[in-house]
Amino acid sequence: MKTKILLSLVFAMTLQCFAKNDLQPYQKAAIATRFASEVKYNFAGYDKFAQNYDSICRAILPSLIATQSDEEFNKKLQLFAGMLKDGHTCIVTNEDVTFAPISQKRIGDRVFVTKVYSDEYTQKGVTRGTELIAIDDIPVIEYGKKYVVPYVPSSTPQWSETYPFSSVVLTLGGRGVPVKLTFRNADGKTIDITDSRQSPWSAVSPDLSVKFDSLPGNIGLLRIPSFMSDYFDPEALAEIYKQKILPTDGLIVDIRDNTGGNSSMGQFIMMLLATDMIPQASWETPEYVAAFASWGRKMQPRIERNDSVPPYCLALPNEITKYDKPIVLLVNSSTFSAAEDFTVLFRNAGRGKIIGTPTGGSTGNPISIDLGWGYSGRICTRHERLADGTEFIGIGIQPDIVVEETESVITGKDNVIEEALKLLN
């Protein structure tokens, strides 16, 4: 069974504030060339990459070696990895970083606070729905595009336009390095807060557990904010299925802003909700054979056939009752990685309509490689498609009904959920 962990916070490590210049030229060269070499043998999209990555490495190596600080080297290194245009392929470091104690979400060209983890912020008037308008006196969208987006690995434009503004990456920086945040509340009042970036990670951990709510018309709403194993309890979900989902007349499954985790968690849910065998497409991974290389053969992808997945109602008919009511799946541009794997299973099963905006377009079992001196690389190793062969890597899974999120998802009735209710009712 495929296991794929995406720690969305890993991507946040692309933005550091280094005050030192400890790396020697030979170390910088070793880090970059090791990554380029591993890309050649492990990157699932290498045959689709239009340029020769080794040549790119040789071309930029002099400028990497000549960097005047570790910070400058790190930024150039992120841009080097970002050339591959893959959301699971990046270079990270183990520097001590943190972020402002808020979470936020981009709606159109505005960014709104979704949760506050600091009494100081709350006392100054920052609450859910407060707009974040500037960072270090730069308009927030402009700031993000200049200082954040270029350093976040991405497979699609929609991921680059949403995730960097809707995650901790937006305010991330070296611990102790101050950042000025400017907010505007509903009354038009401006609030300035200079945050010293001292927040401990544990103090700002959101609740990402699965939740169930009942909506009008006997419709259930199953929110799955993460497929990370730490937040996912299969036994608790099975109990929700038996006690709460089965009695409903329809179900909305919401995986918007779910950036992934363990794909087996999503498969577990889909095996509960499917009513028939779930077809799957074959997948590809790079395969290097030394003897073939000696004969001048090019490296070819290895193709693995995926068997159809039997739902529990067929595999365990005496234990699991079939749920054959209509289902709607909600996705957006921050539906990513293992959450996209779930979306693939949902569409392959033909279980219902998908509503929202195209997903992030990146899923593929990243391998982690130690590059030395506190650096490590993550490289996508697997290329997948929908069961009918449709490509979604670098594109995103297209919803059946496109519904753009409005401010209502934060401040009022969620317009996407309302659209799903209309469809089900």
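The model is predicted: local features need pLDDT of at least 70, side-chain atom pairs count only at pLDDT 80 or more, and totals for chains, interfaces and linings use all residues. Residues are numbered from 1 along each chain as its sequence is written, and side-chain values use heavy atoms, leaving out hydrogens and water.

Start with the sheet. Six strands form an open sheet, ordered E10-E11-E12-E15-E16-E19, with mixed pairing. Strands (E, at least two residues) and helices (H or I, at least four) are DSSP runs, numbered from the N terminus. Two strands pair if DSSP finds at least two bridges between them. E10 (211-215) and E19 (401-402) are the edge strands, each pairing on one side only. Two bridges join E16 (residues 352-356) to E19, and the two run parallel. Here Gly356 stands opposite Val402.

Now the helix pair. H2 (residues 53-65) and H3 (residues 70-82) pack at about 165°, with axes 11 Å apart. Axes are lines fitted to C-alpha atoms, for helices over the stretch in contact, and angles run from 0 to 180 degrees between N-to-C directions. H2 is therefore roughly antiparallel to H3 (the term covers angles over 145 degrees). Tyr53 and Ile56 are among the H2 residues that meet H3, where the partners include Phe73 and Leu77. Contact means heavy atoms within 4.5 Å.

Thr114 counts as buried because its relative accessibility is 18%; the cut-off is under 20% relative accessible area, with a 1.4 Å probe and protein chains only. Beyond four places in sequence, Thr114 touches Ser103, Gln104, Lys105, Arg128 and Ile410.

Terms used. Buried < 20%, exposed > 50% of the residue type's maximum accessible area, 1.4 Å probe, protein only. Parallel < 35°, antiparallel > 145°, perpendicular 65-115°, else oblique.
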